[in-house]
Amino acid sequence: MSQASGPPPASNLLELTISELSAAIKRTVEDTFGHVRVRGEVGRVSRPGSGHVYLDLKDDRAVLSAVIWKGVVPGLKIKPEQGLEVIVTGRLTTFPGQSRYQIVIEQMEPAGVGALMALLEERKKKLGAEGLFAPERKKPLPFLPDVIGVVTSPSGAVIRDILHRLNDRFPRHVLIWPVRVQGEQSAGEVAAAIEGFNKLEPGGPVPRPDLLIVARGGGSIEDLWSFNEENVVRAAAASRIPLISAVGHETDTTLIDYAADRRAPTPTAAAEMAVPVRAELQAQVMERAQRLFRAQTRILEQGRAQVEGLARGLPRLQDLFALPEQRLDHASERLTRSLMNAVAAKEALFHKTEGRLTGKLIEMRLLEGTRRTADMSQRLQNAETRRLEDLRRKLDQTGRLLESFSYKNVLGRGFALVRDGEGKPVRGSAGLAGGAPLELEFAGDDRLGVVVAGEGAAPKPEKAAARKKSPPKKPDAKKPEQGSLL
């Protein structure tokens with residue numbers, strides 16, 4: 001009998017740690033699958049601050065975790081959005097921290113036109129709800145722009161078609177901002193070009209365009225997808241410079257067409273919208289100049305006919321001037337006679353006045369003037385005498401008042417004024433040293449020199465100076481200094 005097969009005994013199994021087992025599974029998954037291509041619907045999408053993108057790929061029976069490293073995100077053709085069906089290419093690996101496997105996405109593309117159209121319709125509704133496609137936001141195109149800015153590829157046939165059409169219709173100054181019109185970096189370059197043209201200052205070293213044209217040739221929806229990106233649409237809607245969208249052929253429609261101020265079915269049509277035909281303008285100017293000349297000629301002819309008609313109803317020139325000339329002749333004769341009569345009347349009046357003028361009248365006026373002058377002179381002398389008397393009386397009163405305040409009156413009552421050697425009044429004994437000379441002034445300007453006695457010594461009067469009387473001084477108008485009176 002044979003023994004039944006079963007698991008090996010526990011003692012024969014290799015003992016592994018959790019980390020060793022996770023690493024072994026990781027190597028097995030990565031070596032077995034390597035790069036895979038998976039189709040599914042985008043589920044939950046997470047964008048943390050690290051810059052990585054975490055999402056779920058699912059179908060009707062399973063869910064696969066996925067991660068896009070931040071260095072890969074800018075190079076993706078489309079951005080992952082929930083509900084979008086995509087095809088991704090990447091490496092299958094495990095995440096030991098949560099014991100699960102996941103795919104590291106390196107490329108992502110839409111799974112067919114239907115998915116892109118659904119995403120396009122959803123984005124159109126979102127941007128339209130924000131008012132980016134509102135008709136009131138549209139700006140009118142300038143009639144004849146001086147500078148035209150073109151955002152397109154410099155190597156394609158589009159720019160040649162635009163320049164050729166502009167030269168045929170009306171040559172203008174064209175500025176080209178070279179961009180890629182297809183690929184992963186196309187949307188960012190187109191948005192930056194629109195914003196860059198708007199940042200140019202009028203009158204700067206680089207002229208600011210009066211009109212922008214964003215152009216690209218035809219292609220599939222994937223080729224034109226850059227012009228459906230939000231950053232491109234928002235840049236076109238925010239442009240302060242009028243913008244014409246000329247992306248694809250007439251049947252191609254992108255979201256920038258809705259945000260632009262005008263949509264052109266082709267790049268050539270955009271050039272036709274940008275400028276008028278110079279030959280047509282010249283023809284219109286010539287036609288209007290001819291019409292103006294004919295109208296002016298017709299007005300002049302009508303005016304000449306009216307003047308001629310009115311002239312026939314006027315009287316002859318001789319008849320118009322005959323009667324005024326006759327009145328002028330009569331007035332001349334009357335003026336001559338009037339002047340002669342006026343001269344005669346003035347001459348008679350002069351002789352009459354001359355007879356009344358005599359020297360006696362003038363003498364009487366001179367005598368009257370002399371009499372008035374003498375009277376005024378006497379009145380002036382009287383007034384001056386009264387004024388001097390008043391001043392003399394006030395001066396006497398002031399002198400008497402000043403004399404009443406003089407210290408000499410006090411000396412007359414038996415007091416004496418004490419002065420030091422410098423002639424300054426002494427107001428007290430403080431500060432007087434023994435032997436200091438003093439001078440005593442009595443009434444009548446009588447003066448006597450003395451010496452201050454020292455301590456313990458009998459006062460020894462200084463040899464008296466010969467008393468003399470000096471002529472009395474006139475009282476000072478100022479208040480005299482007050483010294484010590486003995």
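Reply:
**A salt bridge and its surroundings**

Arginine 447 and glutamate 441 join their side chains in a salt bridge, 3.7 Å from N to O. A salt bridge here is a side-chain nitrogen of Lys or Arg within 4 Å of a carboxyl oxygen of Asp or Glu. This is a predicted model, where local features need pLDDT of at least 70 and side-chain atom pairs pLDDT 80 or more, while totals for chains, interfaces and linings use all residues. Residues are numbered from 1 along each chain as its sequence is written, and side-chain values use heavy atoms, with hydrogens and water left out.

How covered are the two partners? Glutamate 441 is buried, with a relative accessible area of 1%. Arginine 447 is partly exposed, at 28%. Buried means under 20% relative accessible area, exposed means over 50%, and partly exposed lies in between (1.4 Å probe, protein chains only).

Now the strands. Strand S12 covers residues 437–442, and strand S13 covers residues 446–451. They run antiparallel and are joined by six bridges. Helices (H or I, at least four residues) and strands (E, at least two) are DSSP runs, numbered from the N terminus. Two strands pair if DSSP finds at least two bridges between them. S12 and S13 form a hairpin, with three residues between them. Glycine 444 sits in the turn and has a positive phi of about 75°.

S12 has another partner. It pairs with strand S11 (residues 417–419), in the antiparallel sense, over three bridges. Glutamate 439 can be followed both ways. It is the bridge partner of arginine 419. In S13, the bridge partner of glutamate 439 is glycine 449. In a regular strand, side chains alternate between the two faces of the sheet.

Arginine 123 and glutamate 229 form one of them, at 3.4 Å from N to O. Arginine 123 lies in helix H2 (residues 113–129), and glutamate 229 in the loop between strand S8 (211–216) and helix H5 (230–238), so this pair ties together parts 106 residues apart in sequence. Arginine 123 is buried, at 6%. Glutamate 229 is buried too, at 9%.

Arginine 165 forms a salt bridge with glutamate 272, with the closest N and O atoms 3.5 Å apart. Helix H3 (residues 157–169) holds arginine 165 and helix H7 (residues 267–274) holds glutamate 272, so the pair ties together parts 107 residues apart in sequence. Both are partly exposed: arginine 165 at 28%, and glutamate 272 at 33%. Salt bridges also link Lys126, Glu130, Glu230 and Arg234 in a network.

Last, the whole protein. Its secondary structure comes to 11 helices and 14 strands. Of its 486 residues, 28% count as buried. Among contacts (heavy atoms within 4.5 Å) between residues at least 6 apart in sequence, 62% join residues at least 24 apart. The accessible surface comes to about 33700 Å², and 57% of it belongs to carbon and sulfur atoms. Areas come from the Shrake-Rupley method with a 1.4 Å probe; for residues, only the protein chains shown count as cover.
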